[in-house]
Amino acid sequence: MSVLARMAGSGHEQVLFCEDPRVSLRAIIAIHDTTLGPALGGCRMWDYAGEEEALTDVLRLSQGMTYKASLAGLDLGGGKSVILSPGLLAGAPREALFARFADFVESLGGRYITAEDVGTTVEDIQTVAKRTRHAVGRSLSAGGSGDPSPLTAWGVFYGIRACLKEVFGDDVLKGRTVAIQGVGKVGMPLARLLAEAGAHLVVADRDPQLAQTAVWELGAREAPQDAIVEVPCDVFAPCALGGILNDDTIPHLACRMVAGAANNQLLEPRHGKMLASRGILYAPDYAINAGGLINVDMERRPPYSVEAARKRVERIQDTLLAVFQKASQERILPFEAAGRLAEERIGQARRARTAKPSAASAARG
Ligand code: NAD
């Protein structure tokens, strides 16, 4: 299928292909929808098998950002960028590549705002920020908000509390068991928050040192990597990779709810239905993991304060409760309700925009 046909199918506004062999840069920037505001989304650097895989990823991720921003009540649209750079992964100069990438971001005039993502760092964003204003998640020392992961964890923590309230009628973590898959940048601070609140933890990570840190520091129990989905628990929190909720894993889940940070947890939408048929509540990923996005949005309105960001991120608990309420009122599943809420907000903004006469036409009239 042609790129334009794919864009039409998913409602993308603009896709920019960027190439500069002098710095081994091959990148794609996708702007999904700017109805609510400029498209904000991280820059992912990955060793993609090829252009096709990278395009699929950037289209899917940027669309997800539109929903995430809308549901979180932000005046932002959805965008994302991916860098395919085997040359860089093999040791080409990183700073030159990100400087060039910044020029492409700048060429979009603010329609796309970039940030850190898988494979990129706060330092990379610093490099980008030297050449364009349209980069967030800059280092704390440069007046930015730093790594967004702790705020993502903060939001997941409040999201888990919303799920507990929905299933058990209270949001008390003391005595509850949470199984965390992946104790990386988000999973580890989440584990700390849960341990402080008195939850029992079971963890697994591909990196044995990270899992061991959770064991020593937090008294967590370690599960083998391939057994974490089967651990009997109240909450299964996927904080590693996408697609973890699929035909192979769902029959083995032994939890009452799935609530974690990973993006695109459902391999396919039908897996949301499969979870429900097993009586498992699913917190839509883009609703519960919006803390990092909310945090970088607050960086755009200086002065940034982490306390204020935390307060704003805590509202994820209310967002999820609203999602569950809509799901029960409309007899649909939470992931469908989240989608409807996000689309309704965009639809209202679109209608308001078309209904309002522009300043020029008002003057003419
Ligand atoms: P990370 O790379 O720091 O952590 C992921 C961890 O999962 C790593 O420690 C890795 O070793 C482990 N892992 C990978 N595969 C695994 C497996 N099969 N079993 C067990 N462990 C495995 O990434 P992160 O920043 O913590 O992000 C985690 C997830 O949350 C990702 O899906 C990311 O897209 C999503 N997310 C992150 C943020 C953020 O602010 N960092 C925001 C929104 C969503």
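Tutor: A crossing counts as left-handed if the near helix is turned anticlockwise from the far one by less than a right angle, and as right-handed if clockwise. This is a predicted model, where local features need pLDDT of at least 70, side-chain atom pairs count only at pLDDT 80 or more, and totals for chains, interfaces and linings use all residues. Residues are numbered from 1 along each chain as its sequence is written, and side-chain values use heavy atoms, with hydrogens and water left out.

Student: OK, so which hand is the crossing of H6 and H13?

Tutor: Right-handed. Helices here are DSSP runs (H or I, at least four residues), numbered from the N terminus.

Student: And what angle do H6 and H13 pack at?

Tutor: About 35°, with the two axes 8 Å apart. Axes are lines fitted to C-alpha atoms, for helices over the stretch in contact, and angles run from 0 to 180 degrees between N-to-C directions.

Student: Which residues of H6 and H13 make the contact?

Tutor: H6 brings Gly-155, Tyr-158, Gly-159, Arg-161, Ala-162, Cys-163, Lys-165 and Glu-166, and H13 brings Ile-316, Gln-317, Leu-320, Leu-321 and Phe-324. Contact means heavy atoms within 4.5 Å. By class that gives 7 nonpolar, 3 polar and 3 charged residues (Ala, Val, Leu, Ile, Met, Phe, Trp, Tyr, Cys and Pro are nonpolar, Asp, Glu, Lys and Arg charged, and the others, Gly among them, polar).

Student: Switching over, how do the axes of H1 and H2 cross?

Tutor: The axes of H1 (residues 3–10) and H2 (residues 51–71) cross at roughly 20° and come within 11 Å. H1 and H2 are therefore roughly parallel to each other (that label covers angles under 35 degrees). H1 passes H2 in a right-handed crossing.

Student: Where do H1 and H2 meet?

Tutor: From H1 you have Val-3, Arg-6 and Ser-10, and they meet Glu-52, Leu-55, Thr-56, Leu-59 and Gln-63 in H2.

Student: New topic: how many cavities of 30 Å³ or more does the structure hold?

Tutor: The structure holds 1. On a 1 Å grid over the protein atoms alone, a cavity is a set of points where a 1.4 Å probe fits but cannot get out, and lining residues have an atom within 4 Å of a point.

Student: What lines the largest cavity?

Tutor: Lys-68, Leu-71, Ala-72, Tyr-286, Ala-287, Ala-290, Ile-316 and Thr-319. H2, H10 (285–288) and H13 each give two or more residues to that lining. By class, the lining has 6 nonpolar, 1 polar and 1 charged residues.

Definitions and conventions. Angles under 35 degrees count as roughly parallel, over 145 as roughly antiparallel, 65 to 115 as roughly perpendicular and the rest as oblique. On a 1 Å grid over the protein atoms alone, a cavity is a set of points where a 1.4 Å probe fits but cannot get out, and a pocket is an open set with protein on both sides within 12 Å along at least five of seven lines; lining residues have an atom within 4 Å of a point. Grid points are joined across faces, edges and corners, and a volume is the space filled by probe spheres set on the points.
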